[in-house]
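Colleague: Could you walk me through the labels on this model, and say what each one rests on?

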Amino acid sequence: MDKSRRAGGQRLGLLLAAALAASLVGADKAPAEEGNIFTNMFKYGGTTVPPSQPDDSDPPYCPTVAVPEGGAATQAYGGRSGDSASLRHQVTLGRLARECARLQDGSISVKVGVEGHVLLGPLGKPGRFDAPVTIAIKAGDKTVTSRVHRVSVTVSPGEAQGLFSFVEDNLTVPAALARDYDIEVRLGAAPQRAAPRKRKPPVAAATSEDRVATPDKDAAE
């Protein structure tokens, strides 16, 4: 009789343990909601649900590379500017590529690849040609960061053009702009900001006495 009672007690204990484990598993799978203090404490260590965080597995925002108007090519002339017969050479951008990676602090590291070529004109001669290429990260009209890469292209004798390519990496976008920025590439150096005009010292307003001529004493006499 005692043995049967002990066996029954053991079975009851096992059933209770299984039920408790099942309830904990169910609580762990249940969605946490505000007001459910026990579930929030169990899953998040606090009484409220923390704000949702972006999924790190999502690819970072990585806009296509833009080329501003007038930034895709530069020309050098031996005569009148704009006259195709006087063209010495032209530097033109070709294919552009970009790659973006999210860093631990939420910022974005951007890598930009640039290809282009130098084409000789009617007055052009083989040789070495240099051209600056500006890569910039922008937020609206504001430049966040920019670099100027000076490419060097050699056009060999008997050839009409030369090719260039390079990769600029570690361009950093702050975390605050990680979802709202632009990548820009242009031939030529970055445009210089106009120097602020110096303000002239204010001119004192003339009084009525200043405007009225003082009579000459000798003339008055």
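**Labels and their cut-offs**

Colleague: Why is Glu115 called partly exposed?

Modeller: Glu115 has a relative accessible area of 30%. Buried is under 20%, exposed is over 50%, and partly exposed is in between, using a 1.4 Å probe and protein chains only. A value of 30% falls in between, so Glu115 is partly exposed. Before we go on: this is a predicted model, where local features need pLDDT of at least 70 and side-chain atom pairs count only at pLDDT 80 or more, while totals for chains, interfaces and linings use all residues. Residues are numbered from 1 along each chain as its sequence is written, and side-chain values use heavy atoms, with hydrogens and water left out.

Colleague: What makes Arg95 and Glu115 a salt bridge?

Modeller: The rule wants a side-chain nitrogen of Lys or Arg within 4 Å of a carboxyl oxygen of Asp or Glu. For Arg95 and Glu115 the N to O figure is 2.9 Å, so the pair passes. Arg95 belongs to strand S3 and Glu115 to strand S4, so the bridge ties together parts 20 residues apart in sequence. Strands here are DSSP runs of E, at least two residues, and helices are runs of H or I, at least four, numbered from the N terminus. As for Arg95, its relative accessibility is 61%, so it counts as exposed.

Colleague: How many salt bridges does that rule give?

Modeller: The count comes to 5. One of them joins Glu99 and Lys111, with the closest N and O atoms 3.9 Å apart. Glu99 sits in S3 and Lys111 in S4, so this pair ties together parts 12 residues apart in sequence. Lys111 is partly exposed at 33%.

Colleague: Glu184 and Lys138 form one too; how far apart are their closest N and O atoms?

Modeller: They are 3.9 Å apart. Glu184 is in strand S8 (182-187) and Lys138 in strand S5 (127-139), 46 residues apart. Glu184 has 18% relative accessible area, so it is buried; Lys138 is buried with 18% as well.

Colleague: How do S5 and S8 run, and how many bridges join them?

Modeller: They run antiparallel, joined by 6 bridges. Pairing takes at least two bridges found by DSSP, so these strands pair. For instance, Thr134 has Arg186 in S8 as its bridge partner. The sheet is open, with 4 strands in the order S1-S8-S5-S6 and mixed pairing. S1 and S6 (142-155) are at the edges with a single partner strand each, so one side of each has no neighbour in the sheet.

Colleague: What makes Cys62 and Cys100 a disulfide?

Modeller: Their sulfurs are 1.9 Å apart, and the cut-off is within 2.5 Å, so the pair qualifies. Cys62 is in the loop between helix H2 (37-44) and strand S1 (65-66), whereas Cys100 is in S3 (87-102), 38 residues away. The link is right-handed, with 70 degrees about the S-S bond. Both cysteines, Cys62 and Cys100, are buried, and the structure holds 1 disulfide.

Colleague: Why is Ser109 called buried, and what is it in contact with?

Modeller: Its relative accessible area is 16%, so Ser109 is buried. Ser109 is in S4 (108-120). Contact means heavy atoms within 4.5 Å. Leaving aside neighbours within four places in sequence, the contacts of Ser109 include Glu99, Cys100 and Asn170.
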